[in-house]
Amino acid sequence: MSESNTFDLLIIGAGPGGYVAAIRAAQLGLKTALVEKDQNLGGTCLNVGCIPSKALLHSSEVFYNLQKHGAEHGIQAKGLSVDLSTLMKKKAGVVNQLRQGVLQLVKKHGVQVFNGHGRLAGDGKVEIASGKSSITVAPKHILLATGSNVIELPFLPFDGKQIISSDDAIALDKVPKSLIVVGGGAIGLELGSVWSRLGTKVTVVESLPKIASTFDDDVSRQAQLIFKKQGLDFSLSTKITGSKKLKTKVVLAAETKKGSVNLEAEKVLVAVGRTPFTDGLGLETVGIELDERSRIPVNEQFQTVAKGVYAIGDVIPGPMLAHKAEEEAVACVETIAGQSGHVNYAVIPNVIYTDPELASVGIGEITAKEQGKEIKIGKFNFAANGRALAADAITGFSKVIACIKTDRILGVQIVGRNASELIGEAVAHMEYGGSAEDLARTVHAHPTLSETLKEAALAVDGNAIHSA
């Protein structure tokens, strides 16, 4: 083996976890290699997930707001239409720019990139196959950051045309007349919103009795009411049992509380979650066995049972979120380098990027009560906030859950404009163990949407200023 193929750390997978790990490792002086089977770095998040979906959300939001609310501002926007090819070109431009940015960062830090399929080959070795050729390297440490795949239902197999995945749904070449979204979580609500704004009749089908199931009931209810006003339909407590593809539509068989029904649409988007990607990784060569949810077990230092092999991100337990993978990447690499890496899983925010957005951190009211915690709650409506009123953002509220005995913030949930940005303040306060009073006494610029958080914190003890 040549000296150029001797590394301190080799990372398989170049998504948010993998490329961040590579950059941090290089910063710490580790000779680092990054292996990626796809043509571009960035993983699902950059190429077919977080970034392209947010570009589509923004473009469709611009169109929707001009069309529905322009006149309220004296903006005459009659006869608006969408050039879908241009909209998709805009999305592609955003993705390409970030792809180049990631590649430049990795190269700048001296990380060697291998384009090929990385596979554990036992005895601390990794085989990298590209086409008909392959090489074998033996790094000191190996990090698995291979991410996840969309879940395919056996009775709704993807064909990329009528029954589609999220990968397909961000690249349609025309606006469908109707779309059934199977799954009322983040992916389903976001992509359902995109196509609804562009003119598609969208129905969200969810097996649970509410959408956005990780949020408290009041947040989910408020969001559903808003989305319904925007044109989305919902069929909750509905379980899909089968499908039949016809020439121009798909017919779904479903079971509801009222009995069996048939649902039909031009296309069906299956958005029921993701599953860890571990296929062809050669885990068996080092004795790694997956858990009951096909995840790689690790200890607090992200070590697997195999000596020198670590794992982070979607392939290990925990929420499948890009920012979770990034934090684990840094913590893992710092541990490998002899430092004290750590991730505070209690303060990882969760966001659904609809309009309004949903965001949360910590535990909600439901979980707190299930855990037997004595809590007090403060809520403040966006409708009573000056900036929200001026910006047509009056729907939603901020909610603070605190401990009765200590006043410590246990969780925050927000449904409202820019919730994804507002939640960062709650994360910061919770990171140092802040109380509702700490948040309430933090000076906020006026007028800003962030004042809804301050008021919600004041409301925890009944002291909100701007609510009756």
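Asp355 counts as buried because its relative accessibility is 11%, below the 20% limit for that class. In this predicted model, Asp355 forms a salt bridge with Arg417, and the closest N and O atoms of the pair are 3.3 Å apart. The bridge links distant parts of the chain: Asp355 belongs to the loop between strand S19 (350–352) and strand S20 (357–362), while Arg417 belongs to the loop between strand S23 (409–416) and helix H11 (419–431), 62 residues apart. Arg417 has a relative accessibility of 21% and therefore counts as partly exposed.

**Salt bridges**

The count of salt bridges comes to 22. Three of these pairs are listed here.

| Pair | Closest N to O distance |
|---|---|
| Asp355 and Arg417 | 3.3 Å |
| Glu365 and Lys369 | 3.0 Å |

Lys140 lies in the loop between strand S6 (133–137) and strand S7 (141–144), and Asp8 in the segment before strand S1 (9–12), so the pair ties together parts that are 132 residues apart in sequence. Lys140 counts as exposed because its relative accessibility is 60%. Asp8, by contrast, has a relative accessibility of 18% and so counts as buried.

The salt bridge between Glu365 and Lys369 has its closest N and O atoms 3.0 Å apart. Both residues lie in helix H9 (residues 365–370), four residues apart, which is about one turn of the helix. In general, an α-helix has 3.6 residues a turn, so residues three or four places apart point the same way. Lys369 is exposed, with a relative accessible area of 52%. Salt bridges with shared partners join Glu365 and Lys369 into one network with Asp216, Asp218, Lys379 and Lys399.

**Helix H8**

Helix H8 (residues 322–336) has 15 residues, and at 1.5 Å a residue it should span 21 Å. The end C-alpha atoms of H8 are 21 Å apart, which agrees with that expectation. The buried residues of H8 are Lys324, Ala325, Glu328, Ala329, Ala331, Cys332, Val333, Glu334 and Ile336. Among the elements that cover these buried residues are S1, helix H1 (16–27), S7 and strand S18 (309–311). Just after H8, Gly338 adopts a positive phi of about 90 degrees.

Note on methods. Residues numbered from 1 in each chain as written. Predicted model: local features only at pLDDT ≥ 70, side-chain atom pairs only at ≥ 80, totals over all residues. Heavy atoms only, no water. Salt bridge = Lys/Arg side-chain N within 4 Å of Asp/Glu carboxyl O. Helix = DSSP H or I, 4+ residues; strand = E, 2+ residues; numbered from the N terminus. Buried < 20%, exposed > 50% of the residue type's maximum accessible area, 1.4 Å probe, protein only. Expected span 1.5 Å × (residues − 1). Contact = heavy atoms within 4.5 Å.
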